[in-house]
Amino acid sequence: MTLSDRELAAELNRRLRHVVLMLRRAGADQPITSQQLSVLGSLEGGPRRMTELAAEHGVRLPTMTAQINRLERDGLVGRGRDGTDARVVTARLTRAGREQLAAGRERRLGYLAERFAGLTEEERAAVAAALPALDKLFDRP
């Protein structure tokens, strides 16, 4: 059976929703939300402009500012200024933020590894074989 592009998009969309919900449940008892964990991940490579973070996460600047405010209040993020333009606000991970990011990732990876352990070898191979296509689909290098 061959699916049309639209049917394939609908099936992938449904499964992605399930993955997102599953990972949210895996971290439900954590001190930060999955969205906050995602923002911390965006800062892993170094300080970022607030406008860049908002664009990457598909939210408006006030929404990202509120998210950064909460993370800063909790000591996970620090604010700074762009070296080339002092008007530009940046956000960076603190040591506590790096630790929280590592803990959150480890929890997710452990949860997923447990789920993969319940698959057959052929099913795991099928998931692995799909990864390059997903990278291309999501425009990831």
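Predicted model: local features only at pLDDT ≥ 70, side-chain atom pairs only at ≥ 80, totals over all residues.
Strand β2, residues 77-81, runs antiparallel to β3 and is joined to it by 5 bridges, with glycine 78 standing opposite arginine 92 of β3. Strand β3, which covers residues 89-93, also pairs in the antiparallel sense with strand β1, residues 48-49, over 2 bridges. In that pairing, arginine 48 stands opposite alanine 91 of β3. The side chain of arginine 48 also meets that of glutamate 52 in a salt bridge, at 3.2 Å from N to O, and glutamate 52 is partly exposed, with a relative accessible area of 37%.

That contact leads on to the other charged pairs, for a search of the whole structure finds 9 salt bridges. One of them lies within helix α1, residues 5-26, where arginine 15 and glutamate 11 are 4 residues apart, about one turn of the helix. An α-helix has 3.6 residues a turn, so residues three or four places apart point the same way. The side chains of arginine 15 and glutamate 11 meet at 2.6 Å, N to O; arginine 15 is partly exposed at a relative accessible area of 46%, and glutamate 11 also counts as partly exposed, at 26%.

A salt bridge of another kind of placement joins the side chains of arginine 105 and glutamate 44, at 2.9 Å from N to O. Because arginine 105 lies in helix α5 (residues 95-117) and glutamate 44 in the loop between α2 (34-42) and β1, this pair ties together parts that are 61 residues apart in sequence. Both partners are partly exposed, arginine 105 with a relative accessible area of 35% and glutamate 44 with one of 36%. Shared partners also link salt bridges to one another, joining Glu11, Arg14 and Arg15 into one network.

On the surface, Leu137 forms a nonpolar patch with Leu16 and Phe138, and the three together have about 290 Å² of accessible area. Aspartate 139, which follows α6, has a positive phi near 60°.

Notes: Residues numbered from 1 in each chain as written. Heavy atoms only, no water. Patch = residues over 30% accessible without salt bridge, like charges linked within 9 Å, V, L, I, M, F, W, Y side chains within 5 Å. Areas by Shrake-Rupley, 256 points an atom, 1.4 Å probe, with all protein chains shown as cover. Salt bridge = Lys/Arg side-chain N within 4 Å of Asp/Glu carboxyl O. Pairing = 2+ DSSP bridges. Buried < 20%, exposed > 50% of the residue type's maximum accessible area, 1.4 Å probe, protein only.
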